[in-house]
There are 2 protein chains.
Amino acid sequence: MPAPKEFLDYVDHNADAFIQRLSDAVSIKSVSGDPAYREEVIKMSNWISQQLQAVGVETQLADLGRHTMDGQDLALPPAVLGRIGNDPKKKTVLVYGHFDVQPALVSDGWNTDPFKLTVLPNGQLVGRGSSDDKGPVLGWLNILQYHHQNQKDLPVNLRCCFEGMEESGSEGLDDLVKKESQSGGWFDGVDCVCISDNYWLNTRTPTITYGLRGLAYYKVTIEGPAKDLHSGVFGRTVHEPMTDLIKIMGTLVDVKGHILIPGVDEMVPPPFADEKELYEKLDYSIKDVEDSAGASIALSDDKVEVLMGRMRQPSLSLHGIEGAFYGSGAKTVIPAKVSGKFSIRLVPPQTPEKVFPLAKAHVESEFAKLGTKNKLHFEELHGGLPWVTDINHWNYEAARTATRAIYNQEPDMTREGGSIPVTLTFAEALGVSVLLLPMGRGDDGAHSTNEKLDRSNFIQGTKLLGTYLYEVGAAAAK
Amino acid sequence: MPAPKEFLDYVDHNADAFIQRLSDAVSIKSVSGDPAYREEVIKMSNWISQQLQAVGVETQLADLGRHTMDGQDLALPPAVLGRIGNDPKKKTVLVYGHFDVQPALVSDGWNTDPFKLTVLPNGQLVGRGSSDDKGPVLGWLNILQYHHQNQKDLPVNLRCCFEGMEESGSEGLDDLVKKESQSGGWFDGVDCVCISDNYWLNTRTPTITYGLRGLAYYKVTIEGPAKDLHSGVFGRTVHEPMTDLIKIMGTLVDVKGHILIPGVDEMVPPPFADEKELYEKLDYSIKDVEDSAGASIALSDDKVEVLMGRMRQPSLSLHGIEGAFYGSGAKTVIPAKVSGKFSIRLVPPQTPEKVFPLAKAHVESEFAKLGTKNKLHFEELHGGLPWVTDINHWNYEAARTATRAIYNQEPDMTREGGSIPVTLTFAEALGVSVLLLPMGRGDDGAHSTNEKLDRSNFIQGTKLLGTYLYEVGAAAAK
């Protein structure tokens, strides 16, 4: 059941109107991380709800309560829940997106007003939130508009979950998703989830994402003297916390990225028989990684090794030291208490719970070897699970078929090196297949200055998401 | 030629008046490091000059020009030069001190107004500059007052150099000292120098200091990507500058304080035959070092080893990292460019010039071993020579004899772990013996809150400095 030609034509013919609507959405400064803009985020909740209602969707503004930000007690912007269709013969698809954005000021280095969508001659739609994530949210609206205006039934029952706190930790969403996933809730009966909130691997090839790394963030604190000491007076008389900490931090990872904490790398099974072919097929090169890093510093000349390093291997990064001198210039103090920060990006079957005792045991063992009289404290600051799902599920088949239909290309099947925590929330609460189907390109600059969405990605992306729904509909008919 | 009993009695009888004068001096807020107080420092120059003139000393306010501080163009406070006596049969002694002070606010944690000298029941004179260094400067004034008031000749020709920028790098002083040391200058004909601007090793035993460590401060920069990278996206795909830097910083010093840069520790000769006895004799214990550090973290249980570690061994301290995450919390960035800061406290025959090539070669060699694709830059930010002088010189004999006379104790003969750069300035410009003869105790809290000078140290210290001049006079007569 491919998408009707009439739908695809409708999207092309209404492209300018769709872009105008995106411009309206971008003009609402829905920055969730700054209390000064909280009213704008709430305005955006209402705007989305009204847009959905206008295309026949029943909605609810879900109250998420209040929270404290920068010392202010604030109402959380309501999440927008939507529901259309209840045909037991159809699959029920839950789509997720967010309508809040990262902060943006012209003075950050924007070439144009970030909250005024600017259409460049090369087709780029420049503005904060164009790609992350107002464009994809409006993609769903575009599809709904076609069906509503032409009195066509959707090929699936659709449920929407659009939130306004994604850029600030999705506060309140977990509880809402759990609640609405129960019997009688808005997400009761959902057969699969589609999240459009990430990016193609490159600028050329549509992408489907089936895995995310988790995270375990650690803090190693070494404490010695009661106060910072003068290095002239105390140098070579006492155990210096920085000396101890640097030694310990040096035992965590080697220069080639191998994790030296015993048992961490070893926890990950070797690639299965044809797994390397998955990475070989990806439209990506060492040049791509080095272009985006801005320097020729790839860990390997082997593309598969580099891609597997990002996607299916854990990584350990040393982020910095709290408590030591960090300014320019030449301060000669011996810091009294220093905390090294490092994190491990996790892949299945690793979990923060499984990795913590290994990391703790290693750090404590290395500390014991030092023979220092300073004191050690080791703690986890943050943890999040990794996620990988079955790419042969009908949900993924639908997305692949839709991609071939719209882009005439095989999609890159990727795992992301970072995390999108809401993915796990849905997977755990609903126990169904969750699909990541991005709209934008790898160079959209989601959290950066001059964020853009290419016009073709917005328009073809709308067709892709619509066609995906038709392919899910076809799966139900099988 | 011991000091006349009449002088010692005069000091005792005038103690309260001397303390009142110290109180007047403390009330002038001569903070050299804050432009807001510059007029107070200049006021202090004039006050010192007038005080010297009142006791028969010819003075000159030496203009040091202007400088920029916190973006403001400011007049440097003039140094005060003094001259009394020109008898060719007498030794000519140059005494140095400074009348500027560190900043001090009640809100820093002072129990009293820092610029109002408070006499505590236990005899402590609490106030900013009481010990560092207005007390010692006024000690010289007390001595001069006795001789002037009683029409007694000084046992030596005296020259004074009192400055108002010591706490801010002694700006302008080097050039002045060089100029005035030339033929016809104010310091022409000086036979020895006495600096009273450091502290006893403990709170019990008068101290004479004959050595200072130098300093070489280094910055190791590792540069990789063009900008900070997301550790999810780039972790285990690129060479991370922090990983490289931590490895290199880990090769510089071991946990016991041994410097691992080949040739640096080895440059220092082993202790000469009886040298360890010098340290064994010092009135100091492991408890003293641990009390002042505030923790039981001494590198050794052997007092001689700990004292030699501070005084006659070089030390290497890791100070921090510029460019990495240093806040609290859990930021997951891969920093693009990081600079490790470390310094080596130097002892003779080490010099910054001799140590730099060893440090550079070591860092470059360790970097090459890593096999990283990132880039290395190594530089020296700051260098200062170490200094040790002959403790058998008559200048030191005079100080030792004077100490025995006043305190009825053998002085601790110490080398300081830190640096007092003006010492080298005088030693190099004049080529004569320079003596460090402190007035205050090891717990005076010179740069800290609640700085104090014990009344007994001020009064006995005045006697000590006066008696020292008589002993130098005796040396001339030999």
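Below is a briefing, grouped by topic.

This is a predicted model, in which local features need pLDDT of at least 70 and side-chain atom pairs count only at pLDDT 80 or more, while totals for chains, interfaces and linings use all residues. Residues are numbered from 1 along each chain as its sequence is written, chains are lettered from A and ligands numbered from 1 in the order in which they are written, and side-chain values use heavy atoms, with hydrogens and water left out.

**How the two chains are related**

- Two copies of a chain are related by a rotation about an axis and a shift along it.

**Where the chains meet**

- Chain A brings 82 residues to the contact and chain B brings 82 residues (contact means heavy atoms within 4.5 Å).
- About 6,300 Å² is buried between chain A and chain B, and carbon and sulfur atoms give 57% of it (buried area is the accessible area, with a 1.4 Å probe, that two parts lose on being put together, summed over both).
- Arg236(A), Val255(A) and Ile297(A) supply 14% of the area that chain A buries against chain B, more than any other three residues.
- Between chain A and chain B there are 4 salt bridges (a side-chain nitrogen of Lys or Arg within 4 Å of a carboxyl oxygen of Asp or Glu).
- Asp265(A) and Arg236(B) form a salt bridge through their side chains, at 2.8 Å from N to O.
- Strand β13 (residues 315-322) of chain A gives the most to the side of chain A that touches chain B, with 8 residues (helices, H or I of at least four residues, and strands, E of at least two, are DSSP runs numbered from the N terminus).

**What the UniProt record marks**

- An unreviewed UniProt entry gives residues 210-368 of chain A the annotation "domain: Peptidase M20 dimerisation" (positions are in the numbering used here, feature names are shortened, and annotations may be inferred rather than shown by experiment).
- Over residues 210-368, chain A is 34% helix and 22% strand.
- The unreviewed entry in UniProt lists His98(A), Asp132(A) and Asp197(A) under "binding site".
- These residues are spread over 100 residues of sequence but cluster in space, with a largest C-alpha distance of 8.1 Å.
- UniProt's "binding site" annotation (unreviewed entry) also covers Asp132(A), Glu167(A) and His447(A).
- They span 316 residues in sequence, yet no two of their C-alpha atoms are more than 9.6 Å apart, so they gather at one spot.
- His98(A) sits in strand β5 (residues 92-98) of chain A, whereas Asp132(A) belongs to helix α4 (residues 130-149) of chain A.

**A link within chain A**

- Asp16(A) pairs with Arg455(A) in a salt bridge, with the closest N and O atoms 3.2 Å apart.
- This pair links distant parts of the chain, 439 residues apart: Asp16(A) is in helix α2 (residues 15-26) and Arg455(A) is in helix α14 (residues 455-477).

**Backbone details**

- Most residues other than glycine have a negative phi, and most peptide bonds are trans.
- Ser170(A) is not a glycine, but has a positive phi of about 50 degrees.
- The peptide bond from Pro348(A) to Pro349(A) is cis, with omega near 5 degrees.
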